[in-house]
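Dear colleague,

Please find below the structure that I am handing over to you. I would be grateful if you would read the notes that follow with the structure open beside them.

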Amino acid sequence: MDAQTVAKVARLARIHLDDKDLPILQERLTGILKWVSMLDEVETTNVEPMFSVHLETSPVREDVVTSASMVNDILANAPEKELDMFVVPKMVG
Amino acid sequence: MTDFTTLSLTDLKNGYEKKDFTCREVVTSYLARMEATKALNAYVLETPDIALAAADRSDARIQKQEALSLDGIPVAVKDLFCTKDVPTTACSKMLEGYKPKYESTVTQKLWDAGAVMLGKTNMDEFAMGSTNMTSAFGPVINPVTLPGDARRFVPGGSSGGSAAAVAARAALMATGSDTGGSIRQPAAFCGIVGMKPTYGLCSRYGMVAFASSLDQAGPLTRTVADAALMLQITAGHDPKDATSLNRPVPDFVGELSAPLKGLRVGIPHEYQVEGLGADIVALWEKGRAWLVEQGATCVEVSLPHTKYALPAYYVLAPAEASSNLARYDGVRYGLRVEGATLDEMYENTRAEGFGDEVTRRVLMGTYVLSAGFYDAYYRKAQRVRRVISDEFRGVFENVDVILAPTTPTPSFAFGEEPKDPISMYMNDVLTVPANIAGLPAISVPAGLSKEGLPLGLQIIGPAFGDSVVLRAGLAVERAANFVFPQGE
Amino acid sequence: MSANTFSAAHMNAAGPWEVVIGLEVHAQVVSESKLFSGASTQFGALPNSQVSLVDAALPGMLPVVNMFCVEQAVRTGLGLGAQINLFSVFDRKNYFYADLPQGYQISQLYHPIVGEGHLDIEDTNSNPKRVGIERLHLEQDAGKSIHDQHPAKSHIDLNRSGIALMEIVSRPDMRCAEEAQAYVKKLRALLRCLGTCDGNMEQGSMRADINISLRKPGQELGTRAEIKNVNSVRFMGQAILYEISRQREILEDGGQVVQETRLFDAAKGVTRSMRSKEDAHDYRYFPDPDLPPLVLTQAFVDDIAKGLPELPDAKKNRFVESLGIAPYDAGVLTSEGEISDFFEAALAALGTQDATACKMLANWTITELFGALNRESLEIGASRVSPEALAELVGLITKDVISGKIAKDVFAIMWETGGSPSKIVEEKGLQQVSDPSAIEGVIEAIMEANPQMVADYRSGKDKLFGFFVGQVMKQMAGKANPALVNEVLLSKLNNI
């Protein structure tokens, strides 16, 4: 992983990184990636990826409204709110 | 004042019934103990008012002969579990001050059974770590000390606070979560019992999610019997969790006493990892002998892909975490750091809110899922996961449980922790396979290292084999006769 | 704008280029609660009053699938003649936006619930054309962001967040704006007929993304542009026409069309590029670990199939085959659920399967009734003539009580007053005269009064027949049975 990739990944993950932190991160992440590539040693040509650890029938919901207005609870921890809506910096596009 | 913290669960319940003492007295004693052991930093939040109110309610029920199964039993809750109107932070700056308006299913079951909440325990931030050193609220100190040695030791992680609290008698039992060993490893490091049940046995609703396909709630307790009771109460299908098992919960407590005779125990060859201490190997041998003495048979088994569980984990867990932690964006709750644009707000908030380890794992996870790498890393890891699961299933056709050490080493002192991340990850090499395959596993304190630090032995069972795991764990506990070493 | 004018405009825009259009339609599923949470899906509620803890993506919250939404998706798939995938998986589509609380949308990329199907439309020459459907999958809708409350801030309402959407992806089989519009209209009618989406484009419960590119016939596919979230059939037409011109200009100038997402500005009638960042589209799809794979049984699917209503195409074929209605008329009558409901109610009231009567009813519906509705820009639901009344009117014609011409006058009165046709005919004495002797009398009188005309006719001027018919009608205030008039007049004039 090069520094540019680290910066790009940080962008995708929306985490600001200072330039000075890039090299250390790059080193650590490269090291980890190298180590996990040990997985290539495992023969998996005819092995399906595992979707779910135990294939059991999954619970489903009936089509009923089970949650009445919870606007106060929903907004209770909002850093900024107005008119019962969450407020954020103006979105572009 | 009597120190009620030394009484066992059974002693407490008997005492309550015979009216030898009240819940309030016991809880007050625990609150005092918490105060006395404050330096361990096991708790990030004490809830004495809630505890005493609950104690009083327990007393009222006991008076009316309507005692619930955990009435008056003091419990500590890992700060990963959402507790209604009580701050829940996952020990991250991101959620500092966050008060959920809802309760996790696991803790609700405890309160419904009459348990008393003493407080929220410290943990590695967002459950990512194995030393409790990544917490935003300071590290936890292992109550175990060595005679004539000033060093303090790590409690393990991520459920370090819960383990330390139980070990220090600042709680009788505690909830924890185990994604790669986060219950079992700290239990081993602190000399107590810790269990991770079959994936899906306990509901994940209301648990701050780290890695959805690996996370499981479980008990940290002094004894295996206590763990069985706590598991009995917290297990069960939850329609609010789509990964929750839809099966009746076995009678763990009742089945504990079933005889061990005929139990087939597997000793996995590949668990003799590099760096496994001689004292641990010796303890493992002893464990084998203890089980045979009680009627079990032991046989060598092979799990050739064991060593791939850890790298698979370090692809899958960060990947799922990178997605699960995307909701922490400063919009609806938690920390917000302002920015000129929405993206700037995201970037500033998450840079400030997430610690270094969390940041590393989120970046790692984002990378392994990204275009061009998804097949090579994530899908590959999912295939290896199936290989490992199938391998376990094959072995469990011939044995009922597996016996192994819990960790390759005992705890280490602050300042002596492994400096490079991969060596740090190796703490979990023996615990991670059970998470990868969704299998139940328990760590039972079984002996001391040559220096005198606690060592745990691990029993791993087949899927849905939580009961046999508990039974075998009990057998180890009985034979080991572990005495908690000196400590705080 | 008539169909012909539109085609001309289109042909002018495209010139020598072949237009290739594919549509991705997002249709909100009709259901009480959301796809993964128990919050209500009703339109127009107070902000954030239909948001559950799961929808707000609070810590520790988990999705659980609403099985009825799955049923609706299967139902739609069956209506599209598509393959139903008994095994499907929910994937997470990861990106950051303030209206996306989880930081990912739960969707289905790798294993959608419905596979290949088709939708039959008519092309510009009224020939049947089959548009392929590639797939249909379920996904969550996002919340709404409002930007006009404050100069520097946006407000977020999550009511819509988590509502189930069916994303229906067509093959790029359409070749002009009209075909795209016909596809959307047909799809909308189908979904409404099935009851799986209300197709209300103004409210946003159905939206179309248009993928459009140009190529010289026989060449490889050109680079396409995507026009997002067009929410009316009319705007679709405008957007496509504009886009064809735009792309044509670029290509004929020797340039390259940029693959990008564009928005349609309805006020200006143009499409505009959305600002997009380079790596904005790495969605890092992976199967959602909170949701086990969706496994359906064939019995589940068969049950849904059994309960399907008669689909528009089947209904159209039935009208043509059993009732003898012309294919074009049958198409119009089944183009929307409300129209076919009206027509079928009228048919039931008419009480006969006789082809003449049914065709007449069809004709009356399409010409007179629609004419009246169109003049006042009304939908059929606002018709002041009920299906039963219309059927009654047609019955009066077929029973020779009134003539077709008189019936038009009666209809006009019915439209104004909402009255019953039989009563109107009674009150105004509009009954047809079918008494041969009465007619004979009138004819004889006219013949007597116009001896020269009679002589001219008899000497070979056949066209004068019309004169006599006109005179009879005038004399009898139009109420004479036309067939009888012809018969008697012929015999009298020709002295038979």
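The notes below go through the chain interfaces, then the salt bridges, and then some local features.

Please bear in mind throughout that this is a predicted model.

Interface of chain A and chain B

Here 48 residues of chain A and 69 residues of chain B take part in the contact. The two chains bury about 5,200 Å² between them, and carbon and sulfur atoms contribute 69% of that area. On the side of chain A, the residues that lose the most area to chain B are Trp35(A), Leu39(A) and Met50(A), which together make up 14% of what that side buries.

As for polar interactions, 18 residue pairs are in polar contact across this interface, counting pairs with both residues at pLDDT 80 or more. The elements of chain A that give two or more residues to the side touching chain B are α1 (3-12), α2 (22-36) and β2 (85-89). Of these, α2(A) gives the most, with eight residues. Four salt bridges are counted between chain A and chain B. One pair that meets in a salt bridge is Arg11(A) and Glu347(B), at 3.0 Å from N to O.

Interface of chain C and chain B

In this interface, 31 residues of chain C are in contact with 37 residues of chain B. The area buried between the two chains is about 2,700 Å², with 60% of it on carbon and sulfur atoms. Within chain C, Pro59(C), Leu62(C) and Phe96(C) lose the most area to chain B, together 23% of what that side buries.

The rule finds 16 residue pairs in polar contact across the interface of chain C and chain B, again with both residues at pLDDT 80 or more. Asp290(C) and Arg204(B) meet through their side chains in a salt bridge, with 2.9 Å from N to O.

Salt bridges

Over all chains, the count comes to 58 salt bridges. Within chain C, Arg92(C) forms a salt bridge with Asp288(C), and their closest N and O atoms are 3.1 Å apart. Arg92(C) lies in strand β3 of chain C, whereas Asp288(C) lies in the loop between β14 and β15 (294-295), so the pair ties together parts that are 196 residues apart in sequence. Both Arg92(C) and Asp288(C) are buried.

In chain B, Glu417(B) and Lys419(B) form a salt bridge in which the closest N and O atoms are 3.5 Å apart. Glu417(B) is buried, at a relative accessible area of 15%, whereas Lys419(B) is exposed, at 63%.

A further pair in chain C is Lys315(C) and Glu310(C), whose side chains meet in a salt bridge of 3.2 Å, N to O. Lys315(C) is buried, with a relative accessible area of 10%, while Glu310(C) counts as partly exposed at 28% relative accessibility. Elsewhere, salt bridges that share partners join Arg11(A), Arg14(A), Asp343(B) and Glu347(B) into one network.

Ser154(C) and its surroundings

Ser154(C) is found in strand β8 (residues 153-157) of chain C. Ser154(C) is buried, with a relative accessible area of 0%. Its side chain is joined to that of His147(C) by a polar contact of 2.8 Å. Neighbours within four places in sequence aside, the residues in contact with Ser154(C) include Ile146(C) and His147(C) of chain C, and Phe86(A), Val87(A), Val88(A), Pro89(A), Lys90(A) and Met91(A) of chain A.

Helix α4 of chain B

In helix α4 (residues 105-112) of chain B, the buried residues are Thr105(B), Val106(B), Thr107(B), Leu110(B) and Trp111(B). Among the elements of chain B that cover them are β2 (74-78), β3 (116-121), β4 (173-178), β6 (216-221) and α7 (224-234). Just after α4(B), Gly114(B) takes a positive phi of about 95°.

Cysteines and domains

The structure holds zero disulfides over all chains. Cys193(C), for example, is in no disulfide, and the nearest cysteine sulfur, that of Cys197(C), is 13 Å away. Cys193(C) is partly exposed, with a relative accessible area of 25%.

Lastly, the domain assignment of chain C gives domain 1 (3-304), domain 2 (310-427) and domain 3 (436-493). Taken over C-alpha atoms, the centres of domain 2 and domain 3 of chain C are separated by 33 Å.

With kind regards

Methods:
Residues numbered from 1 in each chain as written. Chains lettered and ligands numbered in written order. Predicted model: local features only at pLDDT ≥ 70, side-chain atom pairs only at ≥ 80, totals over all residues. Heavy atoms only, no water. Buried < 20%, exposed > 50% of the residue type's maximum accessible area, 1.4 Å probe, protein only. Helix = DSSP H or I, 4+ residues; strand = E, 2+ residues; numbered from the N terminus. Contact = heavy atoms within 4.5 Å. Domains from an automatic or database assignment. Disulfide = S-S within 2.5 Å. Polar contact = N/O pair within 3.5 Å; in protein donor to acceptor, adjacent residues only side chain to side chain. Buried area = accessible area lost by both parts, 1.4 Å probe.
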